[in-house]
Amino acid sequence: MMKMKSISASKASLVFFLCQMISALDVPLDSKLLEELSQPPTITQQSPKDYIVDPRENIVIQCEAKGKPPPSFSWTRNGTHFDIDKDAQVTMKPNSGTLVVNIMNGVKAEAYEGVYQCTARNERGAAISNNIVIRPSRSPLWTKEKLEPNHVREGDSLVLNCRPPVGLPPPIIFWMDNAFQRLPQSERVSQGLNGDLYFSNVQPEDTREDYICYARFNHTQTIQQKQPISVKVFSMDSLNDTIAANLSDTDIYGAKPVTERPPVLLTPTGSTSNKVELRGNVLLLECIAAGLPTPVIRWIKEGGELPANRTFFENFKKTLKIVDVSEADTGNYKCIARNALGSTHHVISVTVKAAPYWITAPRNLVLSPGEDGTLICRANGNPKPSISWLTNGVPIAIAPEDPSRKVDGDTIIFSAVQERSSAVYQCNASNEYGYLLANAFVNVLAEPPRILTPTNKLYQVIADSPALIDCAYFGSPKPEIEWFKGVKGSILRGNEYVFHDNGTLEIPVAQKDSTGTYTCVARNKLGKTQNEVQLEVKDPTVIIKQPEYKVIQRSAQASFECVIKHDPTLMPTVIWLKDNNELPDDERFLVGKDNLTIMNVTDKDDGTYTCIVNTTLDSVSASAVLTVVAAPPTPAIIYARPNPPLDLELTGQLERSIELSWVPGEENNSPITNFVIEYEDGLHEPGVWHYQTEVPGSQTTVQLKLSPYVNYSFRVIAVNEIGRSQPSEPSEQYLTKSANPDENPSNVQGIGSEPDNLVITWESLKGFQSNGPGLQYKVSWRQKDVDDEWTSVVVANVSKYIVSGTPTFVPYEIKVQALNDLGYAPEPSEVIGHSGEDLPMVAPGNVQVHVINSTLAKVHWDPVPLKSVRGHLQGYKVYYWKVQSLSRRSKRHVEKKILTFRGNKTFGMLPGLEPYSSYKLNVRVVNGKGEGPASPDKVFKTPEGVPSSPSFLKITNPTLDSLTLEWGSPTHPNGVLTSYILKFQPINNTHELGPLVEIIIPANESSLILKNLNYSTRYKFYFNAQTSVGSGSQITEEAVTIMDEAMASRQVDIATQGWFIGLMCAVALLILILLIVCFIRRNKGGKYPVKEKEDAHADPEIQPMKEDDGTFGEYSDAEDHKPLKKGSRTPSDRTVKKEDSDDSLVDYGEGVNGQFNEDGSFIGQYSGKKEKEPAEGNESSEAPSPVNAMNSFV
C-alpha cells in the first residue's frame, strides 16, 4: 500500500458522459434509471483524516458509499486487515461501512488508536477512503509546582508564565481572577500566543494575589486551573521610605522617580527569527515589548505591502494576522516597537509551504464500448507533490493488466475500452506536508438515448428576454441532440438559437412568435428518442405612470402614482417601500390599487418611495423622492365654509343627458375641493333630494346622465376642508321623455308558505326607475327539470304573487319582468325557488347507541331519503330521557332532553348522562316546516360510576375510648355500593395529625361504634362510599372522646371543698391588708423595704438579687434578663438541640465582651463568662469554592 497522509473522497453521484474526452456531469436520476444502470462504488461520506474522539463516548468512524449493485465494506487498521467479527466491541452499521466502537463497557479508547481505512467494493470496482487517524482527546491536569510571589519594582517589565499541560487538541488559554472575572488587558498588559501574560511595565494597581491561568479543553468540556500567582509591585515612594528607615543620616540616598526606558522585546528574542506556515492557513506573528512609556507596535513587510483584505491586527497590534496565506506571502516581516525614548525591531522570515492541492482532480468517466477517454490528476504543492495511481485500491503497477489503459505520469489514457475496463481509480498526490487522494471511476456502459425532461413541460418567459428550454438526456455513447419547432417542423439552426452541450436550447431574445411546441430528439448508434415541451412568451410588465418627485408642506397630503400594464395571464403584486424598507406601520399610509397616499405628512416621512411590481416571471420598480418642508408663516386667517354656488344653468338637453353649469361662491380662505350635485324628482318624490355625482373643485360644468320619465331639478353644494356650503338655489325643471324600463326587479325569490303553494316576491322598482307611466310586472314560472311551458301573469305595481296548487317542495324556475305603457324591460334572469315544505314522512332508521363511559354515549343513525324530507334538510334532533336509576329501581318524572345536529350529520354525542341508569332515545329529521316522525325508542344503559359523598356523617355518644358514627347513603350511588371506607387519625394540641387508620365497612351498614380510642383526644374522620368502579368523594368530621372520669371528679371535689374555699378567701384578705399598709406608709413618706435597698445600694447593677432567699429587688438589670436562645424556640420535650445551644445570643455578646442596658447603651464588661472561642468547623461550613466547582466540571 502506498504512503498516505490525507485522502479526499469523491462525492460525485452517478454521472453521464457528455463528450468523449471530457469529464462527465452529475445528472439528477430518477429511481427507475438508477435501478437499471450499474455503477462502481463512490465514497459519499467519511470521517476526517485527523479524527480526535471523546474518550468518554463511543467511537464512530464513518464510511458511506453508493453504487449499483450496493457495495460491501471492509476495513484495515494500521495497514492490516481489521477483522470486525473478532472484536466484540466493534460493530458495523447495517447497509453501511460505518464502524461503532463501544467503549461504555470499561474499554479504554486508547486501545483503538491507530490508522483506519475503509474499502467499498462491488462487481464494478473498489473505492477507498482516507487514512483516518483515530486519537482520543486528552485534558491532563496541571503539574504541581510551588509558585513564589513576584516582587517587582514599579515600571519594570514582568512575564507571568502559564505553561499549560499538553492536551489533545491544545487548550484555549485565558487569565481570570478568583471571582471568575477576566483580567483586563491593554497595550500595557496582554496575553501572548503561548498563553503567558506580559506586562510592558508594571504599575501599583497590578498588585494582586489572584493571577490565575485557565486552560479550557473544548473537546472534553473540561477547564483546568493553575495555582494563583501573586504579584507585589513596590512603588518608588514606598521603596524610598523602606530604604531611608534603614540608613543613617550620613548615608547618601536620593529619592529617584520611576525611570523611563526605551523598548525591549520580550518576545520574540533576538533580532531575527524564522516562521514556516502552510498555504491556506492563518499566519500569526507576534511582537510584545517592554518599556516605559508603553511601546506602540507597528508592522511592515520588507520589499512589499501587507496583503489587503487579508491582513488584521489583534492584541492591540501586537499580533499580525494574515488569513488564507499563499506562496506570495513569503518574505520578511518587521515589527517595530517605539516609545518616546527610542525604538527596537525584530525581523521574522516567513516561508509558506504547501500541502498538495488540486489543480485538476480526476473526474468520473462513463464510456461506451470502443470509446476513448482520459483521467487527469494534477496537483501542486511546495515541495512539488509526487503522483501515484491505484486501481480498485491496489497500486496500478501490481494491478491486473488492462490493454485499454496507459499511464502517462498524471494522466491515464483509455483506448477502445470494453465493459471489463470498468474500475475505480485512485490518484494519490503526496509531499512531506500531506497528501490528497481522489477516487474516480470508469464505467463502461452501452445504453440507448433517454430523455429525462418531463413530457410537455411548460416554460414561460417574458418577451425580449432569453428562453432556456431543457432537454436533459443520457445515453452511451453520448447521444446527438437536435431541436425542432412543432411536431413536424424543420430542424432549428442559425444564429437566433444557441445549442448547449447539456441539450439545452437557448433563444437569446424570445419574441411573441417564439411561442409554441418544441421537440428535442436524442439519437446514438443504439437508438433514438424524442420529447416535446411548450414555450409561452408573455408581455413584459411596465409601469406606465411612475411616481414623481414631491415637495410637500408639513401636515399636507402626499400621493404617488404607480399605474402598470401587464400580461393578462399574469397576476401582479404591488409593494411599496420607503428607503428600501417596509412602509411604517402607520394608518396615515394608504395603499390603493394604483397609488400610495400619505396623510398629514411629517418630517419623518421624508425619503425615497419605491413602487415594486412583481409577477412570477418579471419584476419592475420605480422610485420618487418626497421632501417635506415647513409651511410658510401666514397671518391669522379666518377659515369658513364656502358660499353656495350661483347662477345654475341647464344646456344641451337630450333624452338621456344634460349639461349643468354654475358660478362658484366665495371660498372663504379655504380652497373648494369638490362640488356635490343633487337632484329632485318632482314627479315621483317631490321635496326629496338625491345624490347625483360630484366633481373636482376646479370644475364648474358637468354632463349629467338622466333617466326617462323624471321631472329633474338640480342643486350644487361646494365643499372645502372646513365643510359643506349651503345648497344653491334649484335649477329650472326638466322633464325627460318616457321609455321602456331599463331594469327588472331585484331580489326575486320563490318560497312556499304552504305545502301546495309558491310565493314569488321581489323588490319593486323606484318611481324614477319605471321610465314611464303604467308600471307593471310580468311574473313567470315553470317547474324545473320538467318539460313544461312558462306560465305567466301580469300584475300591478306590487311585490308578491302566490301560485297555488303546486306539488310539495319541488324546484321552480322563476323570472319577473318590468313593463310600462311603452313596453317591456330587457329579458330578466331566472332564479330557482321551491314550493312549500311539508313535514318529513320517514323516521331515521338503524339507530344505534354506543356507550362510551358512564356519562357519555354516541348515537348513530341512517340518513332518511331526501325525497321523504319534503323540504330543506335542516338536521336531526335526538330526544333522550332517563327512564330509571338501576340502583334505586324507582321511576321519576321524565324530563326529555333534545340535541340538534345540523345538516346531514348521522351521528352525535350525548353528554351529561347519569351513571348506572336506563335511558331511552329516538331520532327525528327536521326541515323548515318542522319535525318528522320519531324513530322507535332505543333503550340503552350507562355503566356504574363512582358514588357521590354520603348524605351525612354524625358522631354521637362520646365516651372515654369510643365514638358512635352514623351515616346516610349517597344521594347518587351511581351503581351498586360495595362498601364504605372510613379513615381517621388523632389531632394533638398543635393541630398535628397522627397516624391514619383505615376501616372497610359493608355497604348495608349505617352505623359503627369505634372502640379502644384514647380519652380526651380529638379525631378527624374521612368517610366515603365505594362501587366496583372506585371510591367517591369523601365527607369529613371531627369529634373528641371525653376526659378521664376519676381525674374530672378529683378536680370537682377540690373545687367544692369548704377548706379550699376558706383558704382562698384568707389569702385574698391578707393581700388586701398589705396593700392598704403600703399605701398609708408611702403617703407618710416613710421607708419601706424596697426603698431601704435603694438607699443602701446606689448602683442597682451591683446587687440585682438577694443572696439569701433569691427574691427580686426593686431594680432589674441586664444580668436579670439573660439573653434568649437564638430563635427562642424549645421543643416540647424540653430538650435543646446542640446547634441551638452552641449559638446563643449570650455567646454572641461575650464574643465582643459586652452587653446592653435596658436603654440600649453598651456595658463594657460581662462578668462570669470566659471569652468565646473561635467557631469550630469553619472549613467544613464554607460554601464550595468556585474554582473547585470549575475543576470538577466536565
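Q: Which residues do ring pairs link into a cluster?
A: The model is predicted: local features need pLDDT of at least 70, side-chain atom pairs count only at pLDDT 80 or more, and totals for chains, interfaces and linings use all residues. Residues are numbered from 1 along each chain as its sequence is written, and side-chain values use heavy atoms, leaving out hydrogens and water. Rings of Phe, Tyr and Trp (its six-membered ring) pair if their centres lie within 6.5 Å; planes under 30 degrees apart are stacked, over 60 edge-to-face, and the rest tilted. The cluster linked by such pairs consists of Phe 174, Phe 180 and Tyr 214.

Q: How many aromatic pairs are there by this rule?
A: A pair of aromatic rings is described by the distance of the centres and the angle of the planes. By the pairing rule, the count of aromatic pairs is 21.

Q: Why is the pair of Phe 414 and Tyr 425 given its class, and which class is it?
A: Phe 414 belongs to strand E37 (residues 411-414) and Tyr 425 to strand E38 (residues 423-431), so their pair ties together parts 11 residues apart in sequence. Strands (E, at least two residues) and helices (H or I, at least four) are DSSP runs numbered from the N terminus. The ring centres of Phe 414 and Tyr 425 are 5.5 Å apart and the planes meet at 70 degrees, so the pair is edge-to-face.

Q: Are the rings of Tyr 919 and Phe 940 stacked or edge-to-face?
A: Tyr 919 lies in strand E79 (residues 917-926) and Phe 940 in strand E80 (residues 938-941), so this pair joins parts 21 residues apart in sequence. With 5.6 Å centre to centre and 15 degrees between the planes, the pair of Tyr 919 and Phe 940 is stacked.

Q: Is Tyr 919 buried or exposed?
A: Buried means under 20% relative accessible area, exposed over 50%, and partly exposed in between (1.4 Å probe, protein chains only). Tyr 919 has a relative accessible area of 5%, so Tyr 919 is buried.

Q: Over which ring does the charged end of Lys 815 sit?
A: A charge sits over a ring if NZ of Lys or CZ of Arg is within 6 Å of the ring centre and within 35 degrees of the ring normal. The charged end of Arg 208 sits over the ring of Tyr 211, 5.8 Å from its centre. For Lys 815, at 4.4 Å from the centre, the ring is that of Trp 790.

Q: What share of the residues of the protein counts as buried?
A: The protein has 10 helices and 89 strands. Of its 1194 residues, the share that counts as buried is 39%.
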